[in-house]
There are 2 protein chains.
Amino acid sequence: MSSQTVKPEISTTPFPASKKIYVKGKIHPVSVAMREISLSGEYKVEGKSVSSVTVYDTSGAYTDPNIEIDIKKGLEPIRKQWILERNDTEELSEVSSKFAQSQQANGTIEPELRFPNEPKPRKATTGKIVTQMHYAKKGIVTPEMEYVAIRENQRYEEWKDLCKQHAGMNWGAALRKGAITPEFVRDEIAKGRAIIPANINHPEAEPMIIGRNFLVKINANIGNSAVRSGIAEEVEKAVWACRWGADTIMDLSTGEHIHQTREWIVRNSPVPVGTVPIYQALEKVDGVAEDLTWEIYRDTLIEQAEQGVDYFTIHAGVLLRYIQLTAKRTTGIVSRGGSILAKWCLSHHQENFLYTHFDEICEILKAYDVGVSLGDGLRPGSLADANDHAQFSELRTLGELTNVAWQHDVQVMIEGPGHIPIHLIKENVEKELEECYEAPFYTLGPLTTDIAPGYDHITSAIGAANIGWYGCAMLCYVTPKEHLGLPNKEDVREGVIAYKIAAHAADLGKGHPGAQFRDNILSQARFKFNWQDQFNLSLDPEKAKDFHEKTLVKRPDEVTHFCSMCGPKFCSMKITQEVRDFANKQAIDEKSALEYGLQKKAKEFKEAGGKIYVTPEEVKK
Amino acid sequence: MSSQTVKPEISTTPFPASKKIYVKGKIHPVSVAMREISLSGEYKVEGKSVSSVTVYDTSGAYTDPNIEIDIKKGLEPIRKQWILERNDTEELSEVSSKFAQSQQANGTIEPELRFPNEPKPRKATTGKIVTQMHYAKKGIVTPEMEYVAIRENQRYEEWKDLCKQHAGMNWGAALRKGAITPEFVRDEIAKGRAIIPANINHPEAEPMIIGRNFLVKINANIGNSAVRSGIAEEVEKAVWACRWGADTIMDLSTGEHIHQTREWIVRNSPVPVGTVPIYQALEKVDGVAEDLTWEIYRDTLIEQAEQGVDYFTIHAGVLLRYIQLTAKRTTGIVSRGGSILAKWCLSHHQENFLYTHFDEICEILKAYDVGVSLGDGLRPGSLADANDHAQFSELRTLGELTNVAWQHDVQVMIEGPGHIPIHLIKENVEKELEECYEAPFYTLGPLTTDIAPGYDHITSAIGAANIGWYGCAMLCYVTPKEHLGLPNKEDVREGVIAYKIAAHAADLGKGHPGAQFRDNILSQARFKFNWQDQFNLSLDPEKAKDFHEKTLVKRPDEVTHFCSMCGPKFCSMKITQEVRDFANKQAIDEKSALEYGLQKKAKEFKEAGGKIYVTPEEVKK
């Protein structure tokens with residue numbers, strides 16, 4: 001159960017009955033990875049046979065047995081050519097950050113801690129802006145945009161007719177028409193309603209989009225905190241989180257060799273990587289918040305931007321005048337970044353330097369296409385503090401900063417709470433959309449009660465499903481260890497799956513075209529007692545299979561024709577099938593009776609309710 | 001982990017830092033059990049010191065060390081005197097059911113399977129109705145009604161002022177005034193909006209109320225299914241579920257000696273016990289649905305009513321003409337009861353005998369005060385089938401039957417789905433309230449996606465929190481093993497806690513007066529790094545403590561002044577405290593400066609944002 005006992009190998013086993021497929025682009029030479037789950041049983045949707053279900057795949061090359069994994073080489077830089085062809089960046093001869101330079105020169109760092117053949121960083125050529133928003137505003141559909149359009153649609157073209165029926169109520173008009181086109185993606189990015197976090201120095205990442213008119217995404221935090229783990233174990237944490245469904249990861253490491261660890265993670269991460277640069281900046285001043293300076297922070301931004309971090313959480317909205325609003329709170333300031341900056345502001349009696357230097361921050365970000373995730377440093381840490389003046393004051397400032405960032409063509413998302421009772425969740429989304437001009441919302445949970453430490457993946461999955469349904473674009477996961485300790489691998493898996501559930505529940509609620517397709521086939525498999533297909537289609541096939549086998553089945557390949565909840569006599573699905581068979585027989589008997597002139601029997605049957613079930617042929621339709 | 005390895009002892013350890021208290025009634029000699037959690041730290045709410053938090057307690061006498069537990073004697077019949085004093089029942093000389101009589105006479109049953117000294121059954125004297133609804137309609141406030149009024153309010157009198165501020169938006173007017181009085185309880189029962197399941201033959205149960213103007217309740221299903229377990233293990237299943245918070249249990253056993261097992265469970269259950277009598281009736285006809293008869297079913301109702309079952313799930317709404325509506329469903333009929341009756345109806349070409357005999361059923365129920373939980377035999381078993389014509393047709397019939405039952409003064413609740421996407425949940429509550437005249441709604445989940453077998457306690461906790469918030473009165477739990485296998489003890493605990501979270505999230509959303517009190521004190525404890533109080537106030541103190549200790553603390557009594565998520569340098573709560581201390585110091589410096597005429601310093605301070613934090617005295621308020 002504990003990660004300590006797990007050998008730090010990289011998880012590369014493909015999911016059962018799954019193969020990696022690559023869908024080609026029509027505009028650009030993109031090749032979009034998806035997972036195709038093949039079915040052993042026969043399924044039909046609207047008369048069409050279904051032999052496989054294609055699902056969104058965040059696991060990267062690790063689950064493709066045709067790709068050799070070597071974490072010392074890193075993943076293939078699939079975006080490199082796209083970036084080069086835009087002809088607006090240059091390779092730097094050396095890293096720009098003084099800290100990064102000193103790390104390179106530092107002979108005391110053990111060689112095996114360094115990623116071999118660190119790539120040279122790229123940067124926009126002078127005067128150029130290289131953000132996806134910049135291209136979008138210019139009307140350019142980038143390969144990244146086409147990639148995410150294909151990725152969001154899954155194999156939509158094939159399933160268009162089947163999926164249409166599932167289109168729901170709250171979804172955007174474009175989606176109801178099944179039109180997640182590259183042009184729609186471009187338009188959403190140009191309007192600031194969606195972002196593609198895609199640093200030019202992280203060409204290994206598979207493009208993904210965060211916005212409320214797309215699938216709800218989830219983020220998993222990883223990080224070693226105070227405890228030092230090996231490099232392979234750090235990489236495995238990222239791979240493991242992506243394996244179960246993390247759409248982005250945030251590296252919140254605070255230990256030794258944080259620079260080197262990050263390099264390994266970025267080079268091996270198939271998803272965008274986010275960080276909170278103030279954490280590392282604080283390390284550089286030995287944890288004394290008052291000693292932080294704009295220069296140290298600026299150097300940290302450049303250091304991380306040139307390593308390839310795709311988005312930064314920046315707590316620029318923690319203004320001096322807001323801090324007093326937290327004085328009577330039950331849980332004061334619970335955001336780490338928020339409290340660091342509050343302390344800095346009070347110590348210096350000055351305005352938050354992230355706020356006063358925000359233009360300069362944007363100048364840096366737009367030269368690498370690092371997205372800014374405007375941090376909610378004053379988010380509530382308890383239900384008692386939910387939706388209070390401090391929280392909403394900061395939100396207004398985040399809106400102001402959103403506009404500043406957009407003037408620089410920097411991609412923006414807005415971070416949100418935290419701890420919010422269920423009836424106050426909707427207000428958070430409404431206010432965020434209004435105050436922040438529909439920039440994508442990215443929330444932590446929210447937790448809907450404070451009384452269940454040890455189960456906060458559940459208290460927060462409830463809030464996350466609701467806020468996603470109302471329009472939140474990305475959900476930051478919470479593990480069972482939240483508030484109590486550091487998550488191990490099992491906790492990460494529990495947290496990621498709980499959040500995949502929340503995100504999917506939200507997608508279904510929003511009526512995403514095709515989102516229910518997987519549910520429907522799994523339900524058909526369940527009804528047919530096709531256990532293998534049921535396991536294979538589930539979010540966690542291993543656990544589903546394990547739970548089932550522990551109770552009932554002796555051999556793994558054994559097929560049970562009743563589920564273990566009820567046993568053979570009571571199984572309702574079995575009885576329903578008998579009812580169907582019986583009804584079919586009745587329908588046939590009725591036909592025979594009519595043919596042979598046995599009117600009496602047919603009359604009796606009709607009086608008792610008429611034709612109950614349809615013929616086998618009709619059933620199959 | 002597995003129940004198979006757990007010694008089948010009865011769990012009687014009190015919760016940490018908790019003692020059982022008994023609050024006396026003012027009208028009747030009732031003594032309402034609650035759990036008082038004492039606090040080690042200092043807490044204030046609105047200037048008043050708080051040294052303990054009293055919580056709703058479903059665990060019964062098992063967690064009172066002053067009460068000796070002997071499952072062979074059963075629990076003390078606390079309601080016996082109340083029942084006797086109503087003088088409307090009589091003790092029968094022998095059990096009325098033929099099956100029960102034959103069981104008593106059966107010499108092949110091992111003596112140790114029989115509960116010793118089985119009590120003689122009671123029944124209403126001829127012409128009398130002994131239901132809580134009957135008394136309520138007559139204007140009588142019973143001891144049961146006063147009991148639940150006190151129980152719902154907790155020690156409301158003491159906390160009235162403190163709690164008032166937490167009263168929220170959706171709660172009934174009576175509750176906003178803090179008036180869960182015995183009279184309010186009576187009125188809600190008379191109107192059919194709430195029920196107290198309280199069979200006169202289950203005097204051991206502590207009264208509880210199910211209705212949308214009260215705390216949201218949860219039910220845990222227990223039952224041995226095909227696998228035979230020992231008697232003590234069966235009793236422990238019930239005790240265990242109640243320990244973690246089950247408000248009622250349903251005994252869905254289908255194995256051998258079902259009659260004897262039920263006796264043991266009822267005699268030892270501190271909460272109401274529900275059953276689905278058709279399951280046992282089907283056993284009596286060797287599992288052949290077509291062979292079921294009204295006589296066998298009727299005898300089963302009497303058998304179970306005289307044992308003390310508090311509510312029966314009766315699938316009387318599965319009408320012949322509705323069955324064909326399920327033919328094109330993805331998952332047909334998934335309710336066991338529903339499918340049994342569908343098969344019976346089709347086989348005989350007759351209307352459901354539970355529907356045609358519903359008046360006679362009510363005649364039986366009102367002689368013992370067994371509540372009827374009108375089963376949703378046609379509930380959807382997949383998202384694809386949610387809110388369909390079959391489901392809502394049956395619901396309309398359940399409304400018709402509600403009226404019939406109320407004419408007999410039989411207490412009614414309405415069962416609901418199942419599998420429902422998040423955006424279709426609200427419609428279920430609205431339709432139920434309308435079609436069934438506001439009878440309490442009792443739902444299974446609902447699961448908000450089908451793709452996560454192994455995690456269905458989470459997929460359904462999302463739905464359960466929402467439906468509870470919208471007005472569902474009781475939530476039937478789902479364990480992680482749903483659809484896959486039989487839950488073991490650990491699964492039962494996971495399921496119960498997930499549902500306590502959902503129910504509490506709903507109570508908070510509804511603005512139940514005082515519901516947030518526990519959250520607020522726990523959050524204060526969290527902010528003070530008082531780990532013990534944080535654990536003790538949580539829904540599962542054991543797990544919270546265990547998770548914390550595994551990561552950080554060496555000795556159990558060790559106190560950590562930072563939480564393990566961030567470590568000592570980064571802990572945001574620690575920094576916030578430093579910010580507060582700093583601000584306090586500044587405030588004092590300002591005072592000194594003024595006193596010593598150092599105007600310049602004060603002016604600088606004020607220009608930089610004025611007085612940031614209040615004095616320690618003000619903070620304490």
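Modeller: Two residues are in contact when heavy atoms of theirs lie within 4.5 Å. The model is a predicted one.

Biologist: How many residues of chain A are in contact with chain B, and with how many residues of chain B?
Modeller: The cut-off for a contact is 4.5 Å between heavy atoms. On the side of chain A that touches chain B, the residues divide into 54 nonpolar, 39 polar and 19 charged. The contact joins 112 residues of chain A to 113 residues of chain B.

Biologist: What area is buried between chain A and chain B?
Modeller: The size of an interface is often given as the accessible area lost when the parts come together. Carbon and sulfur atoms give 68% of that area between chain A and chain B. The area itself is about 10,100 Å².

Biologist: How many residue pairs are in polar contact between chain A and chain B?
Modeller: Salt bridges across this interface number zero by the rule. Polar contacts between chain A and chain B, counted where both residues have pLDDT 80 or more, come to 15 residue pairs.

Biologist: How much of chain A is buried?
Modeller: Chain A has 26 helices and 15 strands. Of its contacts with a separation of 6 or more, 76% are between residues 24 or more positions apart. Of the 621 residues in chain A, the buried share is 67%.

Biologist: Is B:Gln280 buried or exposed?
Modeller: B:Gln280 is found in helix 10 (residues 277–284) of chain B. Its side chain has a polar contact of 2.8 Å with that of B:Gln304, and B:Gln280 also touches residues including B:Phe99, B:Ile258 and B:Arg262. Buried means under 20% relative accessible area. B:Gln280 has 2% relative accessibility, so B:Gln280 counts as buried.

Biologist: Why are A:Glu490 and A:Arg493 separated by about one helical turn, and what is the N to O distance of their salt bridge?
Modeller: An α-helix has 3.6 residues a turn, so residues three or four places apart point the same way. A:Glu490 and A:Arg493 are about one turn apart because they are three residues apart in helix 19 (residues 489–510) of chain A. A:Arg493 is buried, at 8% relative accessibility. The N to O distance in the salt bridge of A:Glu490 and A:Arg493 is 3.9 Å.

Biologist: How many residues apart in sequence are the parts that B:Glu206 and B:Arg151 tie together?
Modeller: B:Glu206 and B:Arg151 form a salt bridge, with the closest N and O atoms 3.6 Å apart. B:Glu206 lies in the loop between strand 6 (194–195) and strand 7 (210–211) of chain B, and B:Arg151 in helix 4 (residues 143–153) of chain B, so the parts tied together are 55 residues apart.

Terms used
Residues are numbered from 1 along each chain as its sequence is written. Chains are lettered from A and ligands numbered from 1 in the order in which they are written. This is a predicted model: local features need pLDDT of at least 70, side-chain atom pairs count only at pLDDT 80 or more; totals for chains, interfaces and linings use all residues. Side-chain values use heavy atoms; hydrogens and water are left out. Buried area is the accessible area (1.4 Å probe) that two parts lose on being put together, summed over both. A salt bridge is a side-chain nitrogen of Lys or Arg within 4 Å of a carboxyl oxygen of Asp or Glu. A polar contact is a pair of N or O atoms within 3.5 Å; within protein, one must be able to donate a hydrogen and the other to accept it, and residues adjacent in sequence count only if both atoms are side-chain atoms. Ala, Val, Leu, Ile, Met, Phe, Trp, Tyr, Cys and Pro count as nonpolar, Asp, Glu, Lys and Arg as charged, and the others, Gly among them, as polar. Helices (H or I, at least four residues) and strands (E, at least two) are DSSP runs, numbered from the N terminus. Buried means under 20% relative accessible area, exposed over 50%, partly exposed in between (1.4 Å probe, protein chains only).
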